[in-house]
Amino acid sequence: MKARTATAVLLPALLLAAVGCGSSTHTSADPGSPDPKGSASTPGQAASPGSPGTAGSTGTGAPRRSGSRLERSALEQGDLAGYQISADAKNPNAPDGQPQADRKACQPLADIMGDKPDPAARETVNRGVGSQKQVGLAVSASVSSYAESDAKALIARLEDAVAACGTGFSATVEKQTGSYRDVKAADYKAGGDQSVSWTTTASAQGVTARVHIVVVRQGDTVVRLMALNVTGASKAPEVPHEITDKQIQKVRATR
């Protein structure tokens, strides 16, 4: 429990559903089990774990096929063999909002850990992806809509921040602070129009986790993927390419 609470502080956007199914051995979602409701977040409208399901949630934790273009572009159960995909089911221990970095140059990296990739996002749809192939691997996946110029600017800011923040930084949200050290650019071929990827080691409340982040721009849509191993394994996690490829394919198909 301490590890999961600390993970919620480190990575507010990582969904409880991803952590849960990433550490389980189930082969499919259980439509009869209670699960926090999912949602698509728009600026000024945060998802509430106790609120009725909205577009993107069936009320059982399984993402729904109908909804906005952005909802239809998000991953859903059945898209990827060997993975359990859940609608936004945010950990109730996770703080809301955008973390504030202690270094201005690192703010874009702090924003990525928040509810949206950055404040310019018009709408964001979150998914939790748990691997049944790699025990403990959890991936937070989101798609966000932007003005295309803002999407391009985000990738440029992230590239600059990765280069400037190698020694690390800390970020605070709702008076909870996590630290991120050893920020390193990662060689990860993601497709899309533009992409940037990096790894970091996150620490909070005595718990440390290695994290891999991939951000891809496809037109005016930004895909954000964050992977960590919830078992605390020493091996560095990596966002599986099959998740990245499928998410970009869906974005392209719904344009």
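Predicted model: local features only at pLDDT ≥ 70, side-chain atom pairs only at ≥ 80, totals over all residues.
1. The disulfide. The count of disulfides in the model comes to one, and the link in question joins C106 to C165, with an S to S distance of 2.0 Å. The angle about the S-S bond is -115 degrees, and the link of C106 and C165 is accordingly described as left-handed. C106 lies in the loop between β3 (100-101) and α4 (107-112), while C165 lies in the loop between α5 (148-164) and β6 (169-173), so the pair ties together parts that are 59 residues apart in sequence.

2. Of the 12 residues of strand β9 (residues 207-218), 10 are buried, so the strand is largely enclosed by the rest of the structure.

3. Pairing of β9 with β8. Strand β8 (residues 194-204) runs antiparallel to β9, and the two are joined by 11 bridges; within this pairing, T201 stands opposite R210 in β9. The hairpin of β8 and β9 has two residues between the strands, and Q205 there takes a positive phi near 55 degrees.

4. Pairing of β9 with β10. Strand β9 is also joined to strand β10 (residues 221-229), again in antiparallel fashion, by seven bridges, and the bridge partner of H212 in β10 is A227. Here too the strands form a hairpin with two residues between them, and G219 in the turn of β9 and β10 has a positive phi of about 65 degrees.

5. The glutamine at position 98. Where in the chain is Q98 found? Q98 belongs to the loop between β2 (83-87) and β3. Its relative accessibility is 17%, and because buried means under 20%, Q98 counts as buried.

6. Contacts of Q98. The side chain of Q98 reaches the backbone oxygen of D111 at 3.1 Å. When its neighbours within four places in sequence are left aside, Q98 is in contact with D111, G114, D115, K116, D118, T172 and V173.

How values were computed. Residues numbered from 1 in each chain as written. Heavy atoms only, no water. Disulfide = S-S within 2.5 Å. Helix = DSSP H or I, 4+ residues; strand = E, 2+ residues; numbered from the N terminus. Buried < 20%, exposed > 50% of the residue type's maximum accessible area, 1.4 Å probe, protein only. Pairing = 2+ DSSP bridges. Polar contact = N/O pair within 3.5 Å; in protein donor to acceptor, adjacent residues only side chain to side chain. Contact = heavy atoms within 4.5 Å.
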